[in-house]
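Me: I have a model open and want to know what stands behind the labels attached to it. Please take them one at a time.

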Amino acid sequence: MVTFIWILQILSAIMLVILILLHSPKGDGIAGIGGASHLFSSQKSAEKGLNKVTAIFAGIFVVCTFLLGFGIIK
């Protein structure tokens with residue numbers, strides 16, 4: 001059982017890194033200087049879905065961390 005939790009934690013950590021890198025930046029960056037920031041905006045529905053999936057994987061990661069850290073699973 002501990003091996004399964006470790007594998008689940010490692011997979012959720014890898015997925016968290018990938019999902020966080022897929023998120024669009026909140027700032028305008030250099031595109032805000034010329035007023036062209038609206039050209040690079042993403043769709044709101046895709047961003048909502050990405051937020052939900054990221055939150056699910058973050059929850060899985062936190063639960064696995066607590067289970068392994070406190071030694072609840074033996």
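**Labels and their cut-offs**

Reply: Ser12 lies in helix H1, which spans residues 2–22. Helices (H or I, at least four residues) and strands (E, at least two) are DSSP runs, numbered from the N terminus. This is a predicted model, in which local features need pLDDT of at least 70 and side-chain atom pairs count only at pLDDT 80 or more, while totals for chains, interfaces and linings use all residues. Residues are numbered from 1 along each chain as its sequence is written, and side-chain values use heavy atoms, with hydrogens and water left out.

Me: Why is Ser12 called buried?

Reply: Buried means under 20% relative accessible area, exposed over 50%, and partly exposed in between (1.4 Å probe, protein chains only). Ser12 has a relative accessible area of 1%, so Ser12 is buried.

Me: Which residues does Ser12 touch, leaving out those up to four places away in sequence?

Reply: Ser12 touches Phe57, Ile60 and Phe61. Contact means heavy atoms within 4.5 Å.

Me: How many aromatic pairs does a search of the whole structure find?

Reply: The search finds 1 aromatic pair. The rings of Phe66 and Phe70 have their centres 5.7 Å apart and their planes at 5°. Rings of Phe, Tyr and Trp (its six-membered ring) pair if their centres lie within 6.5 Å; planes under 30 degrees apart count as stacked, over 60 as edge-to-face and the rest as tilted. The Phe66 and Phe70 pair is therefore stacked.

Me: What makes Phe66 partly exposed, and what makes Phe70 exposed?

Reply: Phe66 has 45% relative accessibility, so Phe66 counts as partly exposed. Phe70 has 62%, so Phe70 counts as exposed.

Me: Where is Thr65 found, and why does Thr65 count as partly exposed?

Reply: Thr65 is in helix H2, residues 44–69. Its relative accessibility is 33%, so Thr65 counts as partly exposed. The side chain of Thr65 also reaches the backbone oxygen of Phe61 at 2.8 Å.

Me: What does the secondary structure of the protein chain come to, and how much of the chain counts as buried?

Reply: The protein chain has 2 helices and 0 strands. Of its 74 residues, 15% count as buried. Among contacts between residues at least 6 apart in sequence, 81% join residues at least 24 apart.

Key
A polar contact is a pair of N or O atoms within 3.5 Å; within protein, one must be able to donate a hydrogen and the other to accept it, and residues adjacent in sequence count only if both atoms are side-chain atoms.
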